[in-house]
Amino acid sequence: MKKLLPFILLLATLTAFAQRNQTALSGLLNIPGTLKKSYESHPAGTEFELIKVVKLSRNNVDPTKTGVLLMLNINHTHVALPASKADILDLHTATREDFWQSIFLYENMYAHYDNKGYRNDIRQDLSEESREYLGNLSGLFYEDAYVQDYVHRLFMSTKPVNVNNQRPEVLSVRLLKSPSPDAYMLPNGTLLISTGLLSTLDSEEELTAIIASEVAHYFLDHQVINVMKAESRARRAEFWSGMLEIVAAGFDEYFTYKNEYYVPGTTYLGTDIIASVINSRTNARLGMSYTQKQESRADKIACDYLTFEGIDPAALTSALIKIRNYYEEARDYYTLSRYGIYAEMDERIERLPEPKEFQSRSYQRAMCGVTTFNALLHQAGNQYEHSIAVLQKNVERKLVTDEDLTLLAKAHMQLYDSPEANLETLNILAQAKEMARYPNPNAYKQEILLLLRLNRHAKAADALVAYMELLSSQYNAGNIDDATWMSSEINWANKLLQRIELF
């Protein structure tokens, strides 16, 4: 016993020394796994449990075991593995949190932060600019409690809860009024998803794939990394000075469009106004102009996540193809989204699994109102062909509403003016009026204009009387803006009726 005592004291001294020089970088992880390759005396296939991640500043026993280390429990013995060798571990992830933790380890993010630091100065600056950016977007957020909750639940079931508590951002999701399909994660953790993306996709699997890819960009800190690489940045005040003025101008344009197609309490801005606040300069400013390597890594992680959740990773391929097809059909050959030129998009798609068709009736039912909204956005920008194409999705899915048919009729009237086309449009409006639960004043007004095109003046006069009676019955709706609009419409209808009586 006396002979063993010095060794016991030495071991205790070394243990105490190691603890003084050891810093925990993670909490307890307890993720099981097996070795893919042999390590030290442990052969490939050896089972282990990943306990935690630490940083060891000095190690007099084994100087090679310093820096960021993964502490493994192998046969009740602690084994320190350098973080750079994480790729020899096959982690058996059972929970979503375990999955994202494994990505954090495989991408060597602990060593990245140990080497580069968290750069809280840049992080705070980007968070403040993100909040300012979101403030400038006030009025451009889509608000529908059901759709918002649907997307929020999907987002919450995809993102990690708390893999790295050293980052101060809080993850959240907002829906942006934009007919162009896009999604991007701001540096402060806010994921922006456009209404255009929601109606371009056809399934929950595809939307999950896009969310997972964007979460991966955030998780790998691509925004901060890109800003750190940038040589210089314009002063914040100079960069953001024009945004509020542009959005304010958009509201003025909205009031002009409102007199043509009215939905109480709703704001529609033209696509050109939306484009002014979603552009490549903004993306670069906030570190969201990703390199091909960054896109490739985020897509690979998204595919791995889909596989982990039991979802076919081809969902990401399908989603990106539909996004690309949208811009091709819109003839937007240098899209205002972050996807860049089409050659890059094609290369990105080629790296992914073979495409498959994804359709989900429940998802399409949830998003049919968003599809209608995007049709309104297109019409606000005088893009009537695009509006028809969007509305046709609801028609083909047998999810069409009276508002869809009324908008379809309006778009047809803007594009066609033959007797046959006008009769067909009149039939569409008749269907809209028949299926409406409550009378839609817009359908009545479009019918009046069509009857005048067809020189059916007597029927137009009757329709004008019915239109004024409908407006009068809704005049006291309680919304001042509504009452103002209705009063203006009654005045228009009255004057038009007087002119018709002179025919």
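**Close-up 1. Packing of helix α18 against helix α20 in the predicted model**. Helix α18, which covers residues 402-415, packs with helix α20, residues 441-453, at an angle of about 30°, and the axes of the two helices lie 10 Å apart. The crossing in which α18 passes α20 is left-handed. On the side of α18 the contact is formed by Thr 406, Lys 410 and Met 413, while α20 contributes Asn 442, Ala 443, Gln 446, Leu 449, Leu 450 and Arg 453.

**Close-up 2. Asn 422 in helix α19**. Asn 422 belongs to helix α19, which runs over residues 419-435, and this residue is buried, with a relative accessible area of 3%. When residues up to four places away in sequence are not counted, Asn 422 touches Tyr 416, Asp 417, Leu 450, Arg 453 and Leu 454.

**Close-up 3. The nonpolar cores**. The largest nonpolar core holds 80 residues, and Ile 193 and Leu 198 are those with the most contacts inside it. Apart from this core lies another, of 37 residues, which includes Ile 388, Val 390, Ala 463 and Tyr 467. Leaving aside neighbours within four places in sequence, Leu 198 is in contact with Val 147, Val 151, Leu 175, Ile 193, Leu 207, Tyr 363, Met 367 and Val 370.

**Close-up 4. Lys 159, a buried residue with no salt bridge**. Lys 159 sits in the loop between α5 (145-156) and β7 (172-176). The nearest side chain of opposite charge to that of Lys 159 belongs to Glu 97, 7.3 Å away. Beyond its neighbours within four places in sequence, Lys 159 is in contact with Arg 96, Trp 100, Leu 171 and Val 215.

Notes:
Residues are numbered from 1 along each chain as its sequence is written. This is a predicted model: local features need pLDDT of at least 70, side-chain atom pairs count only at pLDDT 80 or more; totals for chains, interfaces and linings use all residues. Side-chain values use heavy atoms; hydrogens and water are left out. Helices (H or I, at least four residues) and strands (E, at least two) are DSSP runs, numbered from the N terminus. Buried means under 20% relative accessible area, exposed over 50%, partly exposed in between (1.4 Å probe, protein chains only). Lys and Arg count as positive and Asp and Glu as negative; His and the chain ends are not counted. A salt bridge is a side-chain nitrogen of Lys or Arg within 4 Å of a carboxyl oxygen of Asp or Glu. Contact means heavy atoms within 4.5 Å. A nonpolar core is a set of buried Ala, Val, Leu, Ile, Met, Phe, Trp, Tyr and Cys residues joined through side-chain atoms within 4.5 Å. Axes are lines fitted to C-alpha atoms, for helices over the stretch in contact, and angles run from 0 to 180 degrees between N-to-C directions. A crossing is left-handed if the near helix is turned anticlockwise from the far one by less than a right angle, and right-handed if clockwise.
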